[in-house]
Amino acid sequence: MAKTFTKPESMKDVRTHYCPGCGHGIIHRLICEVIDELGVREGTVAVAPVGCAVLAYDYWDFDTAEAAHGRTPAVATGIKRVLPDRLVFTYQGDGDLAAIGTAEIIHTGNRGENISVIFVNNGVYGMTGGQMAPTTLLGQTTATSQFTRRAEKEGYPLKIMEMMAVLPGVVYLERTSVYSPREVFNAKKAIKRSFQLQLERKGFSMVEVISPCPTYWGLTPFKAMKRIEEEVVKEYPLGVIKE
Amino acid sequence: MFNMMKYLSTGNEACGEGAVRAGCRFYAGYPITPQNELTAYMSRRMEEEGGTFIQAESELAAVSMVFGASLVGAWAMTSSSSPGISLKQEGISYLVGAELPAVIVNVMRGGPGLGNIAPAQGDYFQSTKGGGHGDYHIIVTAPASVQEMFDFTYDAFCLADKYRVPVMILADGMLGQMMEPLEFDENIKPCPVIPKPWALTGAKGREAQSIKSLLLGTGKTSLEEHNKKLQKKYKEIEDKEVSVEMYKVDDAEKIVVAYGSTSRITRACVERLRKTGEKVGLVRPMALWPFPYKEIRKLAEKGLKFLVVEMSAGQMVEDVRLAVQDDRMVSFYGRMGGGVPTEAAILEKIKEL
């Protein structure tokens with residue numbers, strides 16, 4: 001009988017702690033599939049963020065380190081400079097990358113560090129209880145924007161990818177999502193492209209994945225995916241931003 | 001084969017060369033006075049030795065780069081001065097939690113806040129009592145000359161690797177910037193290489209590994225068990241790594257306790273008083289953590305009087321009091337905010353004992 005479904009070798013056979021409908025599980029798996037396809041599981045060192053995905057090392061079957069909140073690209077820089085032939089990537093949420101780690105992501109990109117960054121943007125701080133993030137949409141209610149996010153008080157959604165695009169050291173930027181099978185497929189393609197560029201020593205690249213957080217969006221998993229398709233991508237358009 | 005070479009060097013550069021000779025091949029730093037000569041020196045030497053030099057975007061990033069380099073097995077160092085070290089405390093706590101070796105140099109300046117750029121010893125508490133969040137210690141050594149800036153930095157790499165702990169060189173602006181003769185063997189060998197099976201080099205031929213400081217488990221994998229393991233290690237360090245110079249203490253009736261630059265001035269006072277027949281000795285901790293409690297206690301048991309001299313409002317004096325266990329026997333003299341004690345002032349305080 002033909003096997004129709006299997007877990008990637010790079011993925012541990014365990015249940016994740018993620019909420020129903022969360023995007024992290026899908027994105028974790030995409031990364032593992034790409035690593036398997038590139039045959040680099042034994043030459044990979046990943047850096048997990050502080051946030052919901054801090055436990056990524058419980059799910060990935062390759063070497064994984066943990067960084068202080070936002071310092072993820074700095075830790076990856078240290079790893080990559082010492083071991084330039086390993087596949088080194090960071091996996092960061094929007095709190096980690098777009099708030100406390102803004103300096104690190106910009107300067108790591110500006111140095112053109114030959115690493116990959118997987119930037120999972122769900123517009124809230126999931127781990128700590130759904131607080132407002134720099135990426136939260138205007139009008140969105142969160143634990144710390146209870147009167148909704150207002151431009152005049154809380155500023156505008158921060159578009160890190162567009163900011164990174166002006167840096168000459170950055171070779172590839174693409175924004176993807178996981179709200180439909182087609183988008184999941186595209187996200188995987190982008191992750192693979194980023195990893196391949198790194199293996200070819202082309203420089204810094206980053207893939208943003210717009211991901212649902214049904215728990216703190218107060219929506220069902222299905223409606224959360226719909227919200228990305230109908231609302232979030234208007235603020236964060238999908239596609240290649242720089243190549 | 002010894003091939004002793006003599007140089008005229010600043011303390012900061014001697015520190016850098018000590019690191020290079022120990023085998024350091026990764027340095028990340030950020031400019032701050034009075035340690036800039038060290039960062040500049042490493043930018044050249046790392047390149048010459050085929051290592052990595054990164055001028056980071058902040059002290060936070062610099063120490064995290066060191067964290068990254070260390071977790072894949074490299075000998076790594078960062079340096080700064082007081083305000084920058086406050087920022088590095090985040091990374092130091094993470095290094096401790098993940099049991100990673102690293103060397104951190106603090107060329108202290110006056111504080112609090114931005115303070116000034118004059119030499120000071122106001123970071124003693126921060127360095128020896130943990131510094132960042134959580135229950136921990138790091139090894140802290142205190143050089144008192146350009147030669148010791150080299151020697152202690154060299155030793156720091158060996159110690160860091162041996163115990164898988166961060167080691168801090170606690171110097172000050174005077175030690176960092178003054179020039180003195182520096183002598184070392186050109187053929188000096190790097191620190192012994194200790195295998196690092198824990199390093200994340202890719203899961204080739206072994207199970208995948210992770211390096212982390214988040215411990216949410218229970219029982220044997222609990223954070224409390226991890227802390228017990230750390231405390232056991234600290235006990236071993238306390239037993240084995242106390243380092244103190246006892247200068248003319250055998251017949252002494254009065255003891256001065258000082259470290260770093262202050263010990264230089266204090267030593268001159270001891271010499272001067274000895275010439276007039278006064279029995280004064282110097283206790284100079286060369287390691288500040290672990291602190292030489294037992295050694296000082298032994299002197300206290302002889303009923304001696306102590307004067308502690310620091311460039312602070314009185315920080316190490318608390319450890320001396322803990323050792324002596326009789327506050328009436330311990331006096332203190334200190335200058336703050338970049339003030340340096342004069343010989344005359346110290347002599348007067350010794351006479352008052």
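**View 1. Overall fold of chain B in a predicted model.** Chain B contains twelve helices and 15 strands; helices (H or I, at least four residues) and strands (E, at least two) are DSSP runs, numbered from the N terminus. The model is predicted: local features need pLDDT of at least 70, side-chain atom pairs count only at pLDDT 80 or more, and totals for chains, interfaces and linings use all residues. Residues are numbered from 1 along each chain as its sequence is written, while chains are lettered from A and ligands numbered from 1 in the order in which they are written.

**View 2. Burial within chain B.** Of the 353 residues in chain B, 53% are buried, that is, 20 or more other C-beta atoms, placed from the backbone, lie within 10 Å of the residue's own. The C-alpha trace of chain B spans about 70 × 50 × 45 Å along its principal axes.

**View 3. The side of chain B that touches chain A.** The contact takes 32 residues from chain B and 29 residues from chain A; two residues are in contact if their C-beta atoms, placed from the backbone, lie within 7 Å. On the chain B side, β3 (52-55), α3 (59-71), α4 (82-97) and β9 (210-211) each supply at least two residues. The most comes from α3(B), with nine residues.

**View 4. Strand pairing between the chains.** Strand β2 (residues 63-66) of chain A and β9(B) run parallel and are joined by two bridges; strands pair if DSSP finds at least two bridges between them. Opposite Ala65(A) stands Ile211(B), in β9(B).

Note on methods
A residue is buried if 20 or more other C-beta atoms lie within 10 Å of its own, exposed if 12 or fewer, and partly exposed in between; C-beta atoms are placed from the backbone.
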